[in-house]
Amino acid sequence: MSPPDAGTDTGTDAGTEPVASGADGADTLDLRLPDELVALLAESDERTPRAAHVGHGERAPDPAPGTLAVEDLLDGIAAWGPVTTDVGVFQLVPVRLERDLQLISRWMNDPAVAAFWELAGPESVTAEHLRPQLDGDGRSVPCLGVLEGMPMSYWEIYRADLDPLARLYPSRPHDTGIHLLIGGVVNRGRGLGTSLLRAVADLVLDRRLACARVIAEPDLRNTPSISAFLSAGFRFSAEVELPDKRAALMVRDRALRAVL
C-alpha cells in the first residue's frame with residue numbers, strides 16, 4: 001500500500017499540511033466516547049499486559065472474535081494495553097467498522113485532511129479504505145487513538161517490511177510503520193502529535209521485540225511534520241519517491257531511543 005502520512009503535533013497528517021477542522025469545530029468539541037467503547041476500555045481481562053501505571057482503571061479491550069490471528073503479524077495490538085504518556089493515558093484500540101466508521105469518516109471529510117488522505121465523501125468511501133485492512137492478513141491494523149478516555153486520533157500500524165515501501169529503502173525484517181491523523185481542532189497545535197508519536201513508537205518497540213525500527217514517510221514539503229518526527233526521536237534517513245508524493249523517510253531506532 002502507499003498509505004497516507006502520519007499526523008503531528010502541528011495538527012498535520014504525517015507528511016501533510018495542517019489538518020483544519022470545520023468552521024465551528026463541532027465534530028470535535030462535542031465528541032463523546034461511544035458507550036460500547038467505554039465498556040471495552042473498562043472490561044477486565046487478566047491476560048492483557050499492563051503498563052506500570054495506567055490511570056482511570058482503563059484496560060485494553062479483548063480482541064473481537066476472529067481477529068486474533070489477523071493481528072499476529074503485529075503481535076496483537078488489541079492486547080498492547082494503555083500507557084501513561086506526558087499528555088495523559090493513551091491507548092490504541094483496533095477499529096471496528098460498525099462502531100467507529102461514522103467518527104473516522106467525519107475526520108476524513110475535513111477539507112485539509114481530504115486533500116492528502118483523499119477519503120472525503122460518504123461513509124462508504126472510508127469503509128472501502130478500512131475493509132482491506134480489517135479483512136486482510138494483519139499487515140496493517142487501523143486503530144483509534146484514545147487519550148484520557150476520548151477517541152481523538154486515527155492510526156495505522158503496519159508492517160513496513162511487507163509493504164511496497166520496503167522496495168524503496170534497505171528494509172529489515174519486522175520494520176513497523178505508523179500513520180497518524182489528529183482528529184479535531186481541540187487537539188491540534190498543542191504538541192500532542194509529537195508526544196503521541198514518541199509514545200506509540202516506544203509502544204511498538206516495547207511490544208514488538210523483533211522490531212528494531214519504526215518507520216514513517218511524511219511528505220518532504222511538510223517541514224512542520226518532519227520537525228515533529230524529529231522532536232519525537234525519529235531521524236531523517238532518505239528521500240523516497242512514492243506514487244503520490246516525494247517523502248522523507250523517518251526512522252526511530254531501538255538502539256538510539258535512549259538518546260533521541
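Let's start at R254. If we skip its neighbours within four places in sequence, R254 is in contact with L205, R208, L209, C211 and A212, where contact means heavy atoms within 4.5 Å. R254 sits in the segment after β8. As for the naming, helices (H or I, at least four residues) and strands (E, at least two) are DSSP runs, numbered from the N terminus. V214 is 40 residues away from R254 in sequence, yet the two C-alphas are 8.2 Å apart in space. With a relative accessibility of 25%, R254 counts as partly exposed. The scale here is that buried means under 20% relative accessible area, exposed means over 50%, and partly exposed is in between, with a 1.4 Å probe and protein chains only.

A quick word on what you're looking at: this is a predicted model, where local features need pLDDT of at least 70, side-chain atom pairs count only at pLDDT 80 or more, and totals for chains, interfaces and linings use all residues. Residues are numbered from 1 along each chain as its sequence is written, and side-chain values use heavy atoms, with hydrogens and water left out.

Okay, stepping back to the whole chain. How many helices and strands does it have? Seven helices and eight strands. Of the 260 residues, 55% are buried. Take the contacts between residues at least 6 apart in sequence: 66% of those join residues at least 24 apart. The accessible surface comes to about 10,700 Å², and carbon and sulfur atoms account for 56% of that; these areas come from the Shrake-Rupley method with a 1.4 Å probe, and for residues only the protein chains shown count as cover.

Now on to helix α6. It covers residues 192-207, so 16 residues, and it reaches 22 Å from its first C-alpha to its last, close to the 22 Å expected at 1.5 Å a residue. That expected span is 1.5 Å times one less than the number of residues. Is α6 enclosed or open? Twelve of its 16 residues are buried, so the helix is largely enclosed by the rest of the structure.

Side chains of opposite charge can pair when their charged atoms come close. The rule used here is a side-chain nitrogen of Lys or Arg within 4 Å of a carboxyl oxygen of Asp or Glu, and by that rule there are 13 salt bridges.

R252 pairs with D202, with the closest N and O atoms 3.0 Å apart. This pair links distant parts of the chain, since R252 is in strand β8 and D202 is in helix α6, 50 residues apart. Salt bridges with shared partners then tie D202, D206, R252 and R257 into one network. R252 itself counts as buried, at 1% relative accessibility.

Two other pairs are worth a look. R99 bridges to D100 at 2.8 Å between the closest N and O atoms, and both R99 and D100 are buried. R139 and D137 meet at 2.7 Å, N to O. Here R139 is partly exposed at 36% relative accessibility, and D137 is partly exposed, also at 36%.

Last stop, the backbone. Most residues other than glycine have a negative phi, and most peptide bonds are trans. D75 has a positive phi of about 60 degrees although it isn't a glycine. You'll find D75 in the loop between α2 (35-42) and β1 (83-85), partly exposed with a relative accessible area of 39%. E148 also has a positive phi, about 50 degrees, and is not a glycine either. E148 is in the loop between β3 (140-147) and β4 (150-159), and it is partly exposed at 39%.
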